[in-house]
Amino acid sequence: MKKGLILEGGAMRGMFTVGVTDVMMEHGIEPDGVIGVSAGAAFGCNYKSRQPGRALRYNKIFARDKRYSGIGSLLKTGDFFNAEFAYHTVPTQHDKFDNETFERNPMEFYLVCTDIDTGKAIYKKCERGGHEFFDWVRASASMPVVSRAVELDGMKLLDGGITDSIPLKFFESIGYLRNIVILTQPRDYVKHPNKAMPLIKISLRKHRGAVEAMMRRHVMYNEQTSYVAMAENEGRCLVIRPDSKLPIGHISHDPEEMQRVYDIGRETGLRHVEAMKKFLSAPE
């Protein structure tokens with residue numbers, strides 16, 4: 001029975017996840033596989049490359065750098081997070097991603113994207129680092145309206161959270177039957193219909209599948225949190241989540257705000273270290 005780690009997205013709420021996963025790495029907690037969605041993929045890949053601290057570090061360094069993100073990048077390139085600088089220049093020149101360790105580590109790494117033509121989730125197993133991998137990560141984290149679709153393997157891809165925000169069912173379907181799930185919303189959170197749907201419909205007007213998926217995203221998400229709660233009650237998963245709403249928005253250019261949310265994640269992770277070790281080491 002394989003043991004996994006599932007990382008929800010949530011854009012800059014992902015700093016909470018980074019805090020938790022850095023604690024896990026520091027305490028030698030090694031699942032057999034990781035699956036990340038959106039920010040969960042962008043930050044979670046550092047688990048397989050064994051680079052605690054990296055995701056917080058480069059986000060703080062480039063928080064106010066116009067080359068990295070901002071309205072200027074959106075107007076000039078169609079991407080709020082600059083595709084070339086954020087996803088290729090940073091991990092190869094400024095804060096290098098350890099491709100060698102990523103490839104050598106036997107831990108499996110999956111990410112989730114959305115095929116905007118079909119409106120279906122795409123699950124990608126990533127075994128090699130490098131530029132194509134960085135583009136898969138970019139696709140998983142490319143939010144509608146503020147990102148261009150990423151074309152890979154003949155598909156046009158956007159944020160995996162559109163179609164599978166918490167891929168517990170998928171991971172169970174491929175043999176991961178004991179999972180730690182890190183969420184970025186508190187226990188009582190309920191997702192409501194997206195108020196930006198009129199703009200999303202315009203942005204994705206040529207991709208009916210993605211529009212339909214976005215229209216029911218709140219339904220999908222709430223069903224998934226209910227499924228996670230059921231699995232938690234049955235002892236099939238251990239859920240790590242913030243105690244209350246995180247003090248950060250989807251987008252942040254404030255390094256101190258990022259640090260605060262990261263610290264909340266660390267504190268939460270430290271409180272659950274022994275529970276996580278016990279959960280993953282339990283007899284099958």
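**Packing of helices and strands in the predicted model**

In this predicted model, the buried residues of helix α5 are covered by elements that include α3 (54-61) and α7 (131-140). Helix α5 spans residues 83-94, and its buried positions are A83, F85, A86, Y87, H88, T89, V90 and P91. The N-terminal end of α5 is capped by N82, a side-chain oxygen of which lies 3.1 Å from the backbone nitrogen of E84.

Helix α1 comprises residues 14-26 and helix α2 residues 39-48; the two pack with their axes 10 Å apart and at an angle of about 5°. Because angles under 35 degrees count as roughly parallel, α1 and α2 are assigned to that class. On the α1 side, the contact is made by G14, M15, V18, T21, M24 and M25, while α2 contributes F43, N46 and Y47. By residue class, this contact between α1 and α2 consists of six nonpolar and three polar residues, with no charged residue. As regards helical geometry in general, an α-helix has 3.6 residues a turn, so residues three or four places apart point the same way.

Among the strands, β7 (residues 176-182) is mostly covered, with six of its seven residues buried. Strand β7 pairs with strand β1 (residues 2-7) in the parallel sense, over six bridges. Within this pairing, L5 stands opposite I180 of β7. Strand β7 is also joined to strand β8 (residues 237-240), again in parallel, by four bridges. Here I182 is the residue that stands opposite I240 of β8.

Strand β3 (residues 108-115) contains T114, which has a relative accessible area of 0%. Since residues under 20% relative accessible area are classed as buried, T114 falls within the buried class. The side chain of T114 makes a polar contact with the side chain of T163, at 2.7 Å. When residues up to four places away in sequence are not counted, T114 touches K120, K156, L157, L158, D159, G160, I162 and T163.

Note on methods: Residues are numbered from 1 along each chain as its sequence is written. This is a predicted model: local features need pLDDT of at least 70, side-chain atom pairs count only at pLDDT 80 or more; totals for chains, interfaces and linings use all residues. Side-chain values use heavy atoms; hydrogens and water are left out. Buried means under 20% relative accessible area, exposed over 50%, partly exposed in between (1.4 Å probe, protein chains only). Contact means heavy atoms within 4.5 Å. A polar contact is a pair of N or O atoms within 3.5 Å; within protein, one must be able to donate a hydrogen and the other to accept it, and residues adjacent in sequence count only if both atoms are side-chain atoms. Two strands pair if DSSP finds at least two bridges between them. Axes are lines fitted to C-alpha atoms, for helices over the stretch in contact, and angles run from 0 to 180 degrees between N-to-C directions. Angles under 35 degrees count as roughly parallel, over 145 as roughly antiparallel, 65 to 115 as roughly perpendicular and the rest as oblique. Ala, Val, Leu, Ile, Met, Phe, Trp, Tyr, Cys and Pro count as nonpolar, Asp, Glu, Lys and Arg as charged, and the others, Gly among them, as polar.
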